[in-house]
Amino acid sequence: MIRRSLTLFFGLFVLILAVGWALGAPFTSSRLVEAAAYALIAMGLNIQWGYGGLFNFGIMGFMMLGGFAVTFISYPVNAQFWAGDGPWMLGRALIAFGAGALLVITARQSKKLGISGGWHVAVTVLAWFIAYCLYRSQLDPAAAYIESAAGGGWVGGLGAHPVLGWLFGGVLAAGVAFIVGKICLGLRTDYLAIATIGISEIIRALIKNMDWLTRGTLTVSPIPWPVPQPQAYQAAGNDLATSLILARGGFLVLVLLVLAIAFFLIQRAYGGPWGRMMRAIRDNHVSAASMGKNVTARQLEIFVFGSVLMGIGGAILVSFVQIQDPSSYQPINHTFLIWVMVIVGGAGNNWGALLGAVLIYFIWMISEPLARSIFDVVSAWSTNVGWGPIPEIESRSAQMRVFVLGLVISISLRFAPKGLLPETIRREA
Amino acid sequence: MSLIELKHVVGGYGGAPILNGVDIAIEQSDIGVIVGPNGAGKSTTLKAIFGLLKVTGGTITFAGEEITNSLPDRLVPRGLSFVPQEKNVFTSMSVEENLEMGAFTRRDDFSDTMAWVYQMFPVLKEKRRQPAGELSGGQRQMVAMGRALMSKPKLLMLDEPSAGLSPRYVIEIFETIVRVNTEGVGILMVEQNARQALAFASRGFVLANGQNRFTGTGPELIADPEVARSFLGG
Amino acid sequence: MTELIFFINQVVISGVVLGSIYALGAIGITLIFGILRFAHFAHGDMMTMGAFIAFLLALAAAALGIVTPVPTGFLVLPIAMVIAAVLALGIDKGFYAPLRARGAKPVTLLIASIGVTLMIQGLIRLFFGAGTYSFFENEPKEIIRIDTSAIGSTRPLVFTEPQLLMVIVTIAAVVALHLFLTRSRLGKAMRAMADNADLAQVSGINTALVVRVTWIIAGALACAAGTMLALDVTLKPDLAFNIVLPIFAAAIVGGLGQAYGAIAGGFLIGFAETLAVFNWTMVLRPLNAVLPEWLQLPSTLALVPTEYKLTVAFVILVVTLLVRPTGIFKGAST
């Protein structure tokens with residue numbers, strides 16, 4: 001097993017070197033930072049799916065939350081917003097939200113007042129409706145005002161350190177995961193999958209359309225880095241390539257540090273009694289429940305922990321590319337890419353998730369230039385035989401990787417269903 | 001030559017075998033009853049005949065042809081039918097549709113077979129438009145047997161047909177089984193009500209640990225003091 | 001009266017059209033779930049694939065100079081459905097059947113369906129790029145206006161010819177499906193297998209055949225749904241991806257495994273979405289004459305802004321899962 005891992009990781013290392021040699025060190029260093037962030041996210045999914053057997057198809061949503069969080073925390077303050085009526089109007093919307101929540105909670109308690117059956121349902125629905133109208137009545141004008149020139153266009157950031165933003169990304173993802181988990185856990189696995197797809201699409205719709213808070217499709221950039229940027233190295237007298245590598249190297253070290261901490265904590269927890277219990281629950285709900293384990297509470301824990309890593313990973317990615325663009329998020333590039341990483345790497349094994357994440361990310365990144373060169377060859381041939389060149393090679397090769405991804409997961413399920421590094425079954429003495 | 005013959009059948013669900021060499025032979029005129037303690041491999045024997053688990057040793061022949069490890073969609077057209085112990089009706093489908101499903105493998109006109117089944121179970125004709133899930137336990141058992149008879153089998157296999165039925169229905173079901181047999185259908189059944197079932201069995205098999213312990217006619221086995229002491233509760 | 005006609009134009013007609021599309025998609029989901037016990041996530045992309053097949057056939061028909069009073073998209077639909085059914089069979093044989101043969105769990109098949117989603121998406125984009133297409137580039141989309149002045153409305157009742165045909169196609173498909181499931185030997189066997197797969201096998205039902213029939217029906221109906229969606233809006237590679245959520249919601253609301261439930265669920269979700277984004281001010285405007293100054297209706301009064309339309313299906317889904325997880329028609333719960 002160890003030998004297999006070493007061989008595979010060595011192979012991965014060679015692949016990275018080969019990519020570095022073919023496509024240049026600056027390109028490769030960027031991809032490494034991104035791959036490390038994806039590894040963090042893949043570990044999050046590995047906790048949820050590999051350890052807990054929970055189906056999360058909403059990874060994209062949690063990554064977007066992270067991206068929003070880091071933008072909000074680390075982007076410079078928008079003075080115009082704070083000078084106008086915006087904060088006051090938002091405060092009123094918040095009060096309306098609180099009042100609405102109170103109303104709904106009261107309605108749910110109305111059973112104690114002797115209102116029961118159909119009336120209880122009617123009162124609850126009515127309370128939800130009134131609360132919703134109340135909130136909308138305050139929020140809509142606030143949003144319209146802030147988006148106008150007088151309101152400053154959007155809320156802006158807080159100007160704090162980006163690493164705080166990463167943490168906030170984790171917190172935000174945890175909050176949403178807690179609510180989702182409260183509602184959906186305990187349902188069948190495929191229902192959870194559909195519910196999480198829904199959540200992530202709703203988060204995407206919100207972040208895309210709440211221009212007053214996120215600037216929506218107008219995008220936010222540049223988002224500051226937590227480490228010195230290439231420009232700083234250049235100013236110190238290095239040439240462009242060296243400064244790029246130094247700056248990205250610095251970022252990579254920071255991300256690897258986060259990754260290492262997360263990895264260490266997870267491995268420790270999974271080796272201990274908590275991990276044993278999780279495995280027991282995953283492998284047999286019923287018997288674990290009959291042994292007095294609170295299955296749903298444990299699953300909620302694991303769902304929240306996994307989502308935290310996804311939030312942090314999403315935040316790191318946005319920090320690194322320095323732009324928050326809600327329309328760049330696609331379930332294929334985010335949710336499903338990470339599923340492929342975990343399935344190919346080996347669900348239930350963190351080393352596997354790590355290997356799968358870096359390997360698949362590199363396959364994903366190089367299949368585009370690879371497809372382009374294949375298309376170029378075919379195109380030259382078809383021009384030669386008189387069929388004319390292949391049109392739009394550029395955009396077609398960008399799509400080729402989607403197909404490659406699908407092929408990789410299909411082959412993996414068929415021939416290596418447990419992944420490259422399968423879960424090791426520890427025999428408890 | 002027997003209608004069905006099991007020779008030293010060994011098999012199980014992948015792990016350790018549950019059947020360790022079972023021998024059974026039945027004529028079309030017989031009522032064969034398999035009895036034995038829990039875990040003896042009684043139901044497993046029926047499932048092994050019906051291709052629902054892997055037979056790893058021995059042979060099963062039916063009407064002169066070897067059928068070891070054949071699947072139900074091959075066995076039913078050859079004249080073999082099986083009534084499982086539980087979940088043996090299509091609850092969301094009407095009684096008549098349940099019967100039609102039993103005749104799925106037949107491409108000829110089966111209306112006379114259906115008339116025959118209705119004649120045997122008149123109550124089913126009354127309720128033929130009702131979903132089978134709405135019927136009582138005894139009536140469901142009739143639907144299940146009727147379904148299995150629709151393929152005009154030579155051999156009908158029943159897995160504990162009396163399980164969960166009230167004593168009045170147990171007698172009724174046993175009477176029906178005997179009547180089916182007199183109409184020319186061989187019977188091979190597993191029973192917990194061992195003494196009652198062996199009383200009308202022309203062939204009885206006592207299994208223990210996946211092996212034959214005693215074989216004989218039903219009355220012989222009841223009379224055997226050792227069988228009575230060990231397997232029929234004294 | 002004008003307001004009523006407006007309401008019909010805006011809500012009833014688009015609700016029926018959207019409901020038809022959802023219903024046809026949801027039937028496939030529910031049948032596959034009933035027979036094979038897994039949530040088929042690639043269904044949205046099978047719809048897109050079907051729409052592109054129909055589009056290619058329509059192009060071919062146009063190139064051959066075939067002109068009919070019916071929009072070409074509908075003319076080629078039967079052939080497209082046949083091709084889509086064959087492709088669905090091929091997908092099953094290539095990607096799902098080997099896993100089933102190995103005895104893989106339903107979740108593994110669910111993950112496999114993601115692989116299929118990605119491959120279909122990739123291939124469609126490879127051949128068609130990321131652009132949008134329309135069935136009505138070379139022929140007009142006929143609009144039918146029915147004068148309603150007789151009942152005192154100043155607006156006509158407006159719908160397009162494709163919309164009318166879509167409703168007809170849906171009704172035809174649903175009736176055909178109903179007859180198939182209740183009258184034919186194979187259709188009954190399909191219901192039997194969805195009800196109790198083990199007993200179906202024991203009864204001698206050829207379960208492999210039933211599985212094939214399921215894919216044929218699901219593939220053909222997905223093609224019809226996808227083509228109709230493309231005819232109603234536009235054709236693009238990610239046409240149906242966002243529809244996975246509403247059609248799953250429809251199938252679950254109707255009770256997974258219940259074909260009739262899926263139809264009801266499809267129309268329920270379709271109408272709920274249209275009603276939720278409908279601007280009520282347009283209908284309630286006459287009230288402004290009676291209402292006091294401070295209670296005048298705002299210019300837009302929709303329950304949910306159009307951008308958040310997806311939330312409607314989601315909320316219905318979650319409420320169903322919480323209140324009645326087996327759906328209104330009591331589907332398979334395991």
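C:Ala62 is partly exposed, since 16 other C-beta atoms lie within 10 Å (20 or more within 10 Å would count as buried and 12 or fewer as exposed, with C-beta atoms placed from the backbone). The model is predicted, so local features need pLDDT of at least 70 and side-chain atom pairs count only at pLDDT 80 or more, whereas totals for chains, interfaces and linings use all residues. Residues are numbered from 1 along each chain as its sequence is written, and chains are lettered from A in the order in which they are written.

C:Ala62 belongs to helix α2 (residues 43-63) of chain C; helices are DSSP runs of H or I with at least four residues, numbered from the N terminus. Neighbours within four places in sequence aside, C:Ala62 is in contact with C:Thr72 and C:Asn138, contact being C-beta atoms, placed from the backbone, within 7 Å.

Between chains, 15 residues of chain C are in contact with 21 residues of chain B. On the side of chain C that touches chain B, α7(C) supplies the largest share, 6 residues.

In chain A, the axes of helix α1 (residues 2-23) and helix α16 (residues 350-384) come within 11 Å and cross at roughly 25°; axes are lines fitted to C-alpha atoms over the stretch in contact, and angles run from 0 to 180 degrees between N-to-C directions. α1(A) and α16(A) are therefore roughly parallel (angles under 35 degrees). Residues making the contact include A:Phe9 and A:Leu12 of α1(A) and A:Leu355 and A:Phe362 of α16(A).

Conventions:
Contact = placed C-beta atoms within 7 Å. Helix = DSSP H or I, 4+ residues; strand = E, 2+ residues; numbered from the N terminus. Parallel < 35°, antiparallel > 145°, perpendicular 65-115°, else oblique.
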